[in-house]
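Student: I would like to learn how to read a structure like this one, feature by feature. Can we start with the charged side chains?

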Amino acid sequence: MEHGGAAAAIVTLRGEAELVRRAGDLIASARTEYLCGATDLVTWSAGTNAVFNEGRRPRLRPGPDGLAMRKVYTRAALGDPESERRLARIAASGAHVRISSAPLAREAIVIDGRVAILAGSEARGARTYTVIREPDVVEGVRSLLYATWEAADDLADCLGPASALPPVLDEESRAVLAALADGLTDETAARRLGMSLRTYRRRVAALMADLGATSRFQAGVLSRRAG
């Protein structure tokens, strides 16, 4: 359903498939800001994941002229360890994730301050998504959503220590973490794992970054705590 003239300032889409088909390029077109608000990890996941899996993911670029990806969820998103790990992965990808103790006025996405997408209720059949290009309305949605994001808590303050760990580690990563937990020297660990010293040290640095550990000792402790 479309409202208005050729510019179609307001368009209502029905279901996630139509959202992807008709608004996928809009979702992927973010250049300066991608602001997203959701009650939990379900609302936008199927639609945005479909867009991103098609290779249309907005590119996060560092610096003041890059893309700021901000996401705010309610505490319903912290319902189980797997959800917490998913949130940690979202944050690790470069998004600024926060958790709101208050419910969201509307679940929405705002792209570059020029387009807003509002998620409708799930109680009336297929979920609707309203795409808005009217500047004053978009600014109102953005202001409300951004205020919620600013008032929310940083994700890191809401997660348990093990949540920041990757949910699945390959055998080599597990072996490197085991060597760290055992306190082996780099030379001994590299020999045990059958890799060069340089490769081992590179793997350690990558795993420490993934774990958010500031020291090798902390990485070993985190790996033991997470099993």
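Student: With which residue does Arg-203 form a salt bridge, and how far apart are the closest N and O atoms?

Tutor: First, the ground rules. This is a predicted model, in which local features need pLDDT of at least 70 and side-chain atom pairs count only at pLDDT 80 or more, while totals for chains, interfaces and linings use all residues. Residues are numbered from 1 along each chain as its sequence is written, and side-chain values use heavy atoms, with hydrogens and water left out. A salt bridge is a side-chain nitrogen of Lys or Arg within 4 Å of a carboxyl oxygen of Asp or Glu. Here Arg-203 pairs with Glu-172, and their closest N and O atoms are 2.7 Å apart. This pair links distant parts of the chain, as Arg-203 is in helix H7 (residues 197-211) and Glu-172 is in helix H5 (residues 171-182), 31 residues apart.

Student: How are the helix labels assigned?

Tutor: Helices (H or I, at least four residues) and strands (E, at least two) are DSSP runs, numbered from the N terminus. The protein has eight helices and nine strands.

Student: Which salt bridges does Arg-201 make with Asp-186 and Glu-187, in terms of N to O distance?

Tutor: Arg-201 meets Asp-186 at 2.9 Å, N to O. Arg-201 lies in helix H7 and Asp-186 in helix H6 (residues 186-193), so this bridge ties together parts that are 15 residues apart in sequence. Arg-201 also meets Glu-187 in a salt bridge, at 3.7 Å. Glu-187 is in helix H6 too, 14 residues from Arg-201. A search of the whole structure finds ten salt bridges.

Student: Is Asp-186 buried or exposed?

Tutor: Buried means under 20% relative accessible area, exposed over 50%, and partly exposed in between (1.4 Å probe, protein chains only). Asp-186 counts as buried because its relative accessibility is 10%. Arg-201 is partly exposed at 40%, and Glu-187 is partly exposed at 39%. Glu-172 is partly exposed as well, at 38%. Of the 227 residues in the protein, 44% are buried.

Student: Which residues are linked with Glu-33 in a network of salt bridges?

Tutor: The network links Glu-33, Arg-70 and Arg-142. Glu-33 is in strand S3 (residues 33-38) and counts as buried because its relative accessibility is 7%. A polar contact is a pair of N or O atoms within 3.5 Å; within protein, one must be able to donate a hydrogen and the other to accept it, and residues adjacent in sequence count only if both atoms are side-chain atoms. By that rule the side chain of Glu-33 makes a polar contact with that of Arg-70 at 2.7 Å, and with that of Arg-142 at 2.8 Å.

Student: What separates the C-alpha atoms of Glu-33 and Asp-112?

Tutor: The separation is 4.7 Å, although Glu-33 and Asp-112 are 79 residues apart along the chain. Contact means heavy atoms within 4.5 Å. Not counting residues up to four places away in sequence, Glu-33 touches several residues, including Leu-67, Ile-111, Asp-112 and Tyr-146.

Student: How many residues does the largest nonpolar core have?

Tutor: In soluble globular proteins, nonpolar side chains tend to be buried together. A nonpolar core is a set of buried Ala, Val, Leu, Ile, Met, Phe, Trp, Tyr and Cys residues joined through side-chain atoms within 4.5 Å. The largest one here has 33 residues, and those with the most contacts inside it include Leu-19, Trp-44 and Ile-117. Its largest share, four residues, comes from helix H1 (residues 16-28). Another core, of 13 residues, lies apart from it, with Val-72 and Leu-145 among them.

Student: Where does H1 bend?

Tutor: The bend at a residue is the angle between axes fitted to the seven residues ending there and the seven starting there. H1 bends by about 60° at Arg-22.
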